[in-house]
Amino acid sequence: MARALRDAGMEVIYTGLFQTPEMIARAAVDEDVDVIGLSILSGAHRALFPKIFSELAAAGLSDVLVVAGGTIPNADVEELKALGVAEVFGPGTPLDSAVRFIREHAPQRGDE
Amino acid sequence: MTATATDKLIERFRNGERPALARLLTYVENERPAGLRAMAELYRDTGNAYVVGITGPPGAGKSTLTNAVIREYRRRDKTVGVLAIDPSSSLTGGATLGDRIRMLENYEDEGVYIRSMATRGEMGGLSMAVGAVTHLLDAYGFDIIVVETVGVGQDEVDVAELADTTLLLQVPGLGDSIQTIKAGVLEIADILVVNKADIKGAENVVRDLRNMLRLGEHGPWLPPIVRTVAVNGDNIEALLDTIDKHRAHLESSGEGQARRERRARREVLRLAQNWLAGQLEEVIREPAMEPMLEKLRQRDINPFEVAAEVARRTSVRVQSRG
């Protein structure tokens, strides 16, 4: 995924595995990112996403696009979207459709 | 962004709000008007940070060493801003910035700020914005700024231009060490670090470096060789003491002042060249150039003549704009 985004001309910061919500928010603030992509394979997404969003809110990050991937059952997708996840890319999502979604929905900051 | 929104951001920056620092760095990196405005406001607050450059071949343990250096500076109550630079893809402009520094250590400490940056392919060297980014980190008040970059291409030479003290990392086991240091690279080092000094071959690397130093030219400062095992933090205290020694040498010899002046001139030159390059490209694309370019394609005229005409037109264009 990181490679597909890079090949689409984006700058991708890969922070490695097993990050805590605090560390994710901290890295997102310091790097001033436009998009956060979270891959969760542990099944803990229903517990993790509320924490991540509250950390992001506490850090004052309101205009960041958050997308998710990994092993997230279809039944949980609506719940995550209600929290603020813009899109969930389930297993088998073509890379280019994920890239296209991110390109189309990333916050535009062209006018500063 | 309106002037007032930028001013508000600059005010928040002055209050030490990290998100304001992060956002202004983005504007500076992307050469936005708000970034230029921030530089105009904040440049006068710079000149207090000490810049340490860390470079070396892939696999030398730069990120691990950077972490160890951050830890030791924090132990000495210094705040640290880190700029980790990775190459951009020359094909797509994209980049994968492996966030190795954060992967290795969980920083919750407000005294450490880490920022990743892509080279964005500025003629094989560092992004034009790197200098500006270090100015903002300086203005924010970090005591130490660490600029870490992989030693490929022109980057390590550029890092040395930015840094007060440049560390060049070498490790045993990357093949013949003499071959791994390209011509002109040893000269940029103020301190040579032989990392992974606990593994076989480390003493050979030290010996080779010593021989190379003996053959090469150097001023009154002979770059010391410091052995470290960054992963254990071994000898990092000695490394920081050596950096302090180099800093004292720069101040007492006047070389520090001379370097700062060279650096400022080079930065101005690069920025001016960058601006001029943009003007030249626009002139080449003007329809009025097309007949000449066609003659060039037919080989009725040579590139030197076309270049002279481009320079002449650019000069007229720049002057007419005042």
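**Entry 1: domains.** I began with chain B, which is divided into domain 1 (1-45), domain 2 (46-253) and domain 3 (266-320). I noted that this is a predicted model. Next I looked up how far domain 1 of chain B lies from domain 3 of chain B. Their centres, taken over C-alpha atoms, are 34 Å apart.

**Entry 2: strand S5.** I moved on to strand S5 of chain B, residues 144-150. I then sorted the residues by direction. B:Ile144, B:Val146, B:Glu148 and B:Val150 point one way from S5(B). B:Ile145, B:Val147 and B:Thr149 point the other way. Both sets are buried.

**Entry 3: partners of S5.** Which strands pair with S5(B)? I found strand S1 of chain B, residues 50-56, paired with S5(B) in the parallel sense over 7 bridges. Within S1(B), I picked out B:Gly53, which stands opposite B:Val147 in S5(B). I also found strand S2 of chain B, residues 80-86, joined to S5(B) by 6 bridges. S2(B) and S5(B) run parallel. Here I noted B:Val80, which stands opposite B:Ile144 in S5(B).

**Entry 4: helix H12.** Last, I checked helix H12 of chain B, residues 290-297. How many of its 8 residues are buried? The count is 0, and I wrote the helix down as hardly covered.

Methods
Residues are numbered from 1 along each chain as its sequence is written. Chains are lettered from A and ligands numbered from 1 in the order in which they are written. This is a predicted model: local features need pLDDT of at least 70, side-chain atom pairs count only at pLDDT 80 or more; totals for chains, interfaces and linings use all residues. Domain bounds come from an automatic or database domain assignment. A residue is buried if 20 or more other C-beta atoms lie within 10 Å of its own, exposed if 12 or fewer, and partly exposed in between; C-beta atoms are placed from the backbone. Helices (H or I, at least four residues) and strands (E, at least two) are DSSP runs, numbered from the N terminus. Two strands pair if DSSP finds at least two bridges between them.
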